[in-house]
Amino acid sequence: RARAQVSMSRFEPDSFVNYEKMSKNIGIVRKRLGRPLTLSEKIVYGHLDDPAGQEIERGRTYLRLRPDRVAMQDATAQMAMLQFISSGLPRVAVPSTIHCDHLIEAQTGADKDLQRAKDVNKEVYNFLATAGAKYGVGFWKPGSGIIHQIILENYAYPGVLLIGTDSHTPNGGGLGAICIGVGGADAVDVMADIPWELKCPNVIGVKLTGSLSGWTSPKDVILKVAGILTVKGGTGAIVEYHGPGVDSISCTGMATICNMGAEIGATTSVFPYNHRMRTYLEKTGRREISAVADSFHQDLVPDEGCEYDQVVEINLSELKPHINGPFTPDWAHPVSEIGATAKKNDWPLEVKVGLIGSCTNSSYEDMGRAASLAKQALDKGLRCKSEFTVTPGSEQIRATIERDGYAQILRDVGGVVLANACGPCIGQWDRKDVKKGEKNTIVTSYNRNFTGRNDANPATHAFVTSPEVVTAMAIAGTLDFNPETDFLTAANGEKFRLQPPTGDELPSRDFDPGQDTYQHPPPQGASVKVDVSPSSNRLQLLEPFDRWSGTDLEELRVLIKVKGKCTTDHISAAGPWLKFRGHLDNISNNMLIGAVNTENDGVNSVKNQLTGQYGGVPEVARHYKAEGVGWVVVGDENYGEGSSREHAALEPRHLGGRAIIVKSFARIHETNLKKQGMLPLTFADPQDYDKVGPEDTVSIQGLESFSPGKPLTAVLKHADGSLDSISLNHTFNQPQIEWFKAGSALNRMKELQ
């Protein structure tokens, strides 16, 4: 049998795969439960802190887990490292990395955009590099690539449990890993060697039959699943793909599917270990890991006869190309029908910009298949009618597609190759071709398309689809182009159809690693100095939040009653605000400025109940805080869906918020609120949402006997003096209640040191 402990990569010689321990834990749990296990159960339960004693019930109990490693992108790493510094600990306890990918704005092209980012963000990059060196965290410099592609190339492997401070961390499921998006406070727990808590996930099985072919791509699988399950259908569950169709999908294609599982609210998604993963590991310099994974194969696939809480079946041979949107990633349309649907809904048909890349679709295979279409167009004398941008996922991908000619083909057809970074996908796009408020359509291979997300223009109709369909539509210039059936006109007047895209799964030669962009932490970092200037507007050391007073929360004001969808983009916008992610007070000036107020259908316009005047949401919150008045937010379904950004929880806490009361929460946001000492509460009767008026005061009662499973009571005092009493549910367990009492999870950590 191969060794059970294996060196991970050239960048992390001290980290290892411990399959022996995981296998032993799986055996303990299987014997206790007396039933076959799903793959996700094997990996999750295989990382239990106490496999013999842990209470295990899907959807109910909280598991205490020991993740193998932590990854943080630069926008969230700032707050995570500031919190770790506040903990007083000398060094991280598990292998951890920081990835600079979020702060690079797309303007003109890769080289100039990257240099500008290095200049503008010098203070932040220096903080992250020195904090990483001091506390033992690896640092991937700007230009290295998108966090999830770097993880896939270096750190994900079958059976690993990895947490990352980004909602698309599940990308690693394409390598048979359980990779989960979390807030920075969760990352601090793991880096501090504290067991990490996760509510025991349900498991949704997606059975794949048939095989992909023609224009249908891996992206179409998750676009279809999103249409079936919707943006909240995966909440509290791991989506586990299985069945004979799995083997027709490349490793990076499986990663694409897992990545966009975040858009259905899933805890994560995962595929079983197979020969596609083995080949990818070997191509990325990890042959030794694949040999060990082979010997533990039985632990990296589901048990025969295992049971799922829900099963979705998709025949890949019958699956057609899809495109989802606008404004929500679960509005699924076959590409063959989008033209008619767009005309019916008066959506702009002209595609202004086609954008390929992002953490979801920037693999070698993705770029090759897009280039195969671009080459067909060029051979007929055509270039893109739409503007066209290309974002490589990593420096390794960039260097390899340059070497193999794909990048030049994409440039020749009209593409602009952007920096190896998130760019327009997260709103880092200095868009010039349309004015704000101008109705227009863009088509992307990204994962999210919330209102204004890519370009801060609420009138932009953004659609997500595969890189192949984006490329075809950019060539045609119109949304109603169906590449399976429609013709293009060549430069000589000849009518022709694009042939289905082709592309190698992996380069025939080895990957070209490109420039070395990694900084390994020194063995001893105690002497490294980490500077945070008191006058900085980018970085700010954290002050502890106040402890709970010990009494009920009386007569809280309703800061805003939110209407409809409220994502973390609505609560804490990205784009130009990303530069303040390390400065809590400054970034709090964007709190809920994108949320719609039920009172007036306005955005960033709420009534200050103390003055009677209307103002911006952050300004009114600051006034209430200055006057010693606590407040609540009232919201709708799936509140806080989208990004893992914990700023959406830190900002309300910083500005005096006490509770968020909604119909339902997205998983990560609910946890983030708990971590910061807030009360995330849900209406026991969703219709009670209608009872809350904007001028009401809310008293939250029952806190002196706050306990798991016991509802709290809210007394609503209306403007006319009448009262309503409603029941509020919560999901706090006892340790989480201690976070609330201490004022935050970080405060509680310090109490226990």
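**Residues, helices and rings**

V120 sits in helix α4, residues 110–120. Helices here are DSSP runs of H or I with at least four residues, strands are runs of E with at least two, and both are numbered from the N terminus. At 53% relative accessibility, V120 counts as exposed; the cut-offs are under 20% relative accessible area for buried, over 50% for exposed and partly exposed in between, with a 1.4 Å probe and protein chains only. V120 and L103 are 17 residues apart in sequence, and their C-alpha atoms are 9.2 Å apart in space.

Before going on, the basis. This is a predicted model, in which local features need pLDDT of at least 70 and side-chain atom pairs count only at pLDDT 80 or more, while totals for chains, interfaces and linings use all residues. Residues are numbered from 1 along each chain as its sequence is written, and side-chain values use heavy atoms, with hydrogens and water left out.

E468 is in helix α16, residues 467–476, and with 1% relative accessibility E468 is buried. What does E468 touch, not counting residues up to four places away in sequence? The list is W215, S217, R369, L373 and P501, where contact means heavy atoms within 4.5 Å.

T360 lies in the loop between β16 (351–356) and α13, and its 2% relative accessibility makes T360 buried as well. With residues up to four places away left out, T360 touches K219, T256, N259, M260, D366, S445, Y446 and N447. Of these, Y446 is 86 residues from T360 in sequence, but the C-alpha atoms are 6.0 Å apart.

Now the backbone. G325 and P326 are joined by a cis peptide bond, omega about 0°, and P326 is in the loop between β14 (322–324) and β15 (332–334). T230 is not a glycine, yet has a positive phi of about 70°. T230 belongs to the loop between α8 (218–229) and β11 (237–242) and is partly exposed at 32% relative accessible area. E555, also not a glycine, has a positive phi of about 50°; E555 is in strand β24, residues 553–561.

On to helix packing. How do the axes of α9 (residues 251–259) and α10 (residues 275–283) cross? They come within 8 Å and cross at roughly 105°. That makes α9 roughly perpendicular to α10. Axes are lines fitted to C-alpha atoms, for helices over the stretch in contact, with angles from 0 to 180 degrees between N-to-C directions; under 35 degrees counts as roughly parallel, over 145 as roughly antiparallel, 65 to 115 as roughly perpendicular and the rest as oblique. In this contact C251, T252 and M254 of α9 meet R276, M277 and Y280 of α10.

M254 and M277 are also among the contacts of F271, as are L208, Y241 and I257, leaving aside neighbours within four places in sequence. F271, L208 and Y241 have the most contacts inside the largest nonpolar core, which has 166 residues. A nonpolar core is a set of buried Ala, Val, Leu, Ile, Met, Phe, Trp, Tyr and Cys residues joined through side-chain atoms within 4.5 Å.

Helix α21, residues 667–675, is mostly covered, with 8 of its 9 residues buried. Among the buried ones are R667, E670 and K674. After α21 comes G677, with a positive phi near 85°. Helix α23 (residues 745–752) has A745, L746, N747 and M749 buried, and these pack against α3 (74–87), α7 (184–191), α21 and α22.

Last, the rings. There are 16 aromatic pairs: rings of Phe, Tyr and Trp (its six-membered ring) with centres within 6.5 Å, called stacked when the planes are under 30 degrees apart, edge-to-face when over 60 and tilted otherwise. Y364 and F511 make an edge-to-face pair, 6.3 Å centre to centre with 85° between the planes. Y364 is in helix α13 (residues 364–379) and F511 in the loop between β22 (495–496) and β23 (518–519), 147 residues apart. Y364 is buried at 4%, and F511 is buried at 10%.

The F706 and F740 rings have centres 5.7 Å apart and planes at 85°, so this pair is edge-to-face.
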